[in-house]
Amino acid sequence: MSDVKRKRNVLNVKQKLEILQKLDNGESASTDAEDVLNEGNTVSHSAALQSVETLLDYMGQRGFDYGDITAVRKICVDIRQEMNKQQKQRLITDFFLSSKY
């Protein structure tokens, strides 16, 4: 049997503090912890967007149906909206974290 090392995901101090602050405020932090721990296992929004845009180029070159292309364009819009939403959340979080000190 070969030795397989499994990567252990560990929260850093800042991430632990953010989760503890949420718990102190009565908020649920379980999904935040899961999100942080799964960060290394997920595809970034920009990588996903690039892949979908590449798919659009391919579909255009191969003469795919307009409806199919429109559906893929909708995926691009959804990814961009999610990116913007997360950026706003980060800016708000950073603002409140920096204003506490």
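1. Contact order comes before the rest. In this predicted model, 52% of the contacts between residues at least 6 apart in sequence join residues at least 24 apart.

2. On secondary structure, the protein chain has 4 helices and 0 strands. The order along the sequence is α-α-α-α.

3. On burial, 14% of the 101 residues in the protein chain count as buried. The accessible surface of the chain is about 8,700 Å², and carbon and sulfur atoms account for 53% of that surface.

4. Helix α3 covers residues 45-62, 18 residues in total. From first C-alpha to last, α3 reaches 26 Å, close to the 26 Å expected at 1.5 Å a residue. After α3 comes Gly 63, with a positive phi near 70°.

5. Which residues of α3 are buried? They are Leu 49, Val 52, Leu 56 and Met 59. Viewed down the helix axis, the buried residues of α3 sit within an arc of 80°, so they line one face of the helix. The face turned away from that buried side carries Gln 50, Asp 57, Gln 61 and Arg 62, which are exposed.

6. In soluble globular proteins, nonpolar side chains tend to be buried together. The largest nonpolar core here has 8 residues. Its members are Leu 49, Val 52, Leu 56, Met 59, Ile 69, Val 72, Cys 76 and Ile 79. Helices α3 and α4 each supply at least two residues of this core.

7. Leu 49 deserves a separate entry. Setting aside neighbours within four places in sequence, Leu 49 is in contact with Cys 76, Ile 79, Arg 80 and Met 83. Asp 78 lies 29 residues from Leu 49 in sequence, and their C-alpha atoms are 9.6 Å apart.

8. Is Asp 78 buried, partly exposed or exposed? Its relative accessible area is 33%, so Asp 78 counts as partly exposed. Glu 82 is partly exposed too, because its relative accessible area is 27%, and the cut-off for buried is under 20%.

9. Glu 82 and His 45 are 37 residues apart along the chain, and their C-alpha atoms are separated by 8.1 Å.

10. How many aromatic pairs does a search of the whole structure find? The search finds 1 aromatic pair. In this pair the ring centres of Tyr 58 and Phe 64 are 6.1 Å apart and the planes are at 55°, so the pair is tilted. For edge-to-face the planes would have to be over 60 degrees apart. Tyr 58 has 41% relative accessibility and so counts as partly exposed. Phe 64, at 37% relative accessibility, is likewise partly exposed.

Definitions and conventions: Residues numbered from 1 in each chain as written. Heavy atoms only, no water. Buried < 20%, exposed > 50% of the residue type's maximum accessible area, 1.4 Å probe, protein only. Contact = heavy atoms within 4.5 Å. Areas by Shrake-Rupley, 256 points an atom, 1.4 Å probe, with all protein chains shown as cover. Phe/Tyr/Trp six-rings, centres within 6.5 Å; stacked < 30°, edge-to-face > 60°. Expected span 1.5 Å × (residues − 1). Arc of directions from axis to C-beta. Core = buried A, V, L, I, M, F, W, Y, C linked by side-chain atoms within 4.5 Å.
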